[in-house]
Structure formats: structure tokens, C-alpha cells
Amino acid sequence: MTFSARRHCPVRLAGLAFALAAAAACAPASALDIQLPQETATLHPGTGPGAQSAALCLMCHSVDYLSSQPPMPLGFWDAEVKKMVGTYGAPIPADQVPLIVQYLNQAYPPPQPAASAKP
Ligand code: HEC
């Protein structure tokens, strides 16, 4: 009988040992009780019907996703809402999209132009 160096490769043995240890560690799953902190942040105040509809934005993530954005150029919220609907499948009715964009442009406005330098 011949011994081959490949058959006794320490990496393979380590892999087998890991697999056996992992299998032994598999205990039946038990329920885990996780208490999340209450969300205290809210949407910026705004007027118009989009201000109410923007609550739809909070079904997947916290409002912090919106309020942590720095002032973004005009067009950002339009693209963002379309991305949430088109890419992430946000179930927001099509007629609400422009209203929400209008609210976001007002409540999370683009950067103000720098005051013109006076001589
Ligand atoms: C269907 C679930 C869902 C809904 C509803 C939703 N989002 Fe999101 N949103 C996501 C996911 C997923 C991400 C990416 C999370 C990540 O990358 O960690 C995200 C990220 C964001 C971000 C961070 C920047 C970015 O593009 O990743 C912003 C801002 C945002 N969403 C705004 C909104 C607004 C405004 C609405 C309402 C029009 C909305 N979201 C509704 C799923 C959703």
C-alpha cells in the first residue's frame, strides 16, 4: 500500500474536522426574542398630499434612510423614488410617485446656492 501526500493533505483534514464540528454543533433551532428600540424619528413636516403618502416609504426601512442624506441636487428624489419602486419593488401606486417626489423636494430640499461673494 502506498501513501500519497495528496490524500493526507492537512488542509483537507482540517476541512473535515470543521465539517464534523459544525454538524455536532447543530442544535435544534429555538425562537429568539429580539427587542428593537422604538423608532422616534419622523418625516420632516410638509404640505400637500405627498406628505401623507410618504409614509409608504417607511414600510421597509426607517426614516433615517431619508433624513441622513445630505442636501441632494434637484432630481435626486425623483430618481430615488423611482429606484425604490423599480429596483426594490416598493408597492407605491404610480399616481402617488410624483406627489411624494414633490413633498420630498420641499421637505428635503436641494443645497442652497452659496451667497454671492461681495467685493
Ligand atoms: C420595498 C421596500 C422599500 C420601500 C417601500 C422603500 N425603500 Fe428605500 N430602500 C430600500 C432598500 C432595500 C434600500 C437599500 C438598503 C441598503 O442598501 O442598505 C433602500 C434605501 C433607501 C435610501 C438610501 C439611499 C439608497 O438609494 O440606497 C433612501 C434615501 C431611500 N431608500 C428612500 C426611500 C423613499 C423616499 C421611499 C418612498 C418613496 C422608500 N425609500 C421606500 C427599500 C425600500
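The largest share of the shell around the ligand, four residues, is supplied by H4, where helices are DSSP runs of H or I of at least four residues, strands are runs of E of at least two, and both are numbered from the N terminus. The structure is a predicted model, in which local features need pLDDT of at least 70 and side-chain atom pairs count only at pLDDT 80 or more, whereas totals for chains, interfaces and linings use all residues. Residues are numbered from 1 along each chain as its sequence is written.

Of the 18 residues around the ligand, Cys 57, Cys 60, Met 84, Tyr 88 and Ala 90 come nearest, a residue being near a molecule if its C-beta atom, placed from the backbone, lies within 6 Å of it. Two or more residues of this shell are given by each of helix H3 (64–67), helix H4 (76–86) and helix H5 (97–107). By class, the shell comprises 13 nonpolar, three polar and two charged residues, with Ala, Val, Leu, Ile, Met, Phe, Trp, Tyr, Cys and Pro counted as nonpolar, Asp, Glu, Lys and Arg as charged, and the others, Gly among them, as polar.

Cys 57, one of the residues that come nearest to the ligand, is located in the loop between helix H2 (50–53) and H3. This residue counts as buried because it has 21 C-beta neighbours inside 10 Å, the criterion for burial being 20 or more other C-beta atoms within 10 Å of its own. Between the C-alpha atoms of Cys 57 and Ile 100, which are 43 residues apart along the chain, the separation is 9.2 Å.

Ile 100 also takes part in the contact of H4 with H5, in which Trp 77, Asp 78, Val 81 and Val 85 of H4 meet Val 97, Ile 100, Val 101, Leu 104 and Asn 105 of H5; residues are in contact if their C-beta atoms, placed from the backbone, lie within 7 Å. The residues of this contact divide into seven nonpolar, one polar and one charged. The axes of H4 and H5, as lines fitted to C-alpha atoms over the stretch in contact, come within 9 Å and cross at roughly 135 degrees.

For the chain as a whole, five helices and zero strands are found, and the pattern read along the sequence is α-α-α-α-α. Of its 119 residues, 8% count as buried. Among contacts between residues at least 6 apart in sequence, 72% join residues at least 24 apart.

Conventions: Buried ≥ 20, exposed ≤ 12 C-beta atoms within 10 Å, placed from the backbone. Contact = placed C-beta atoms within 7 Å. Axes fitted to C-alpha atoms, helices over the stretch in contact; angles between N-to-C directions.
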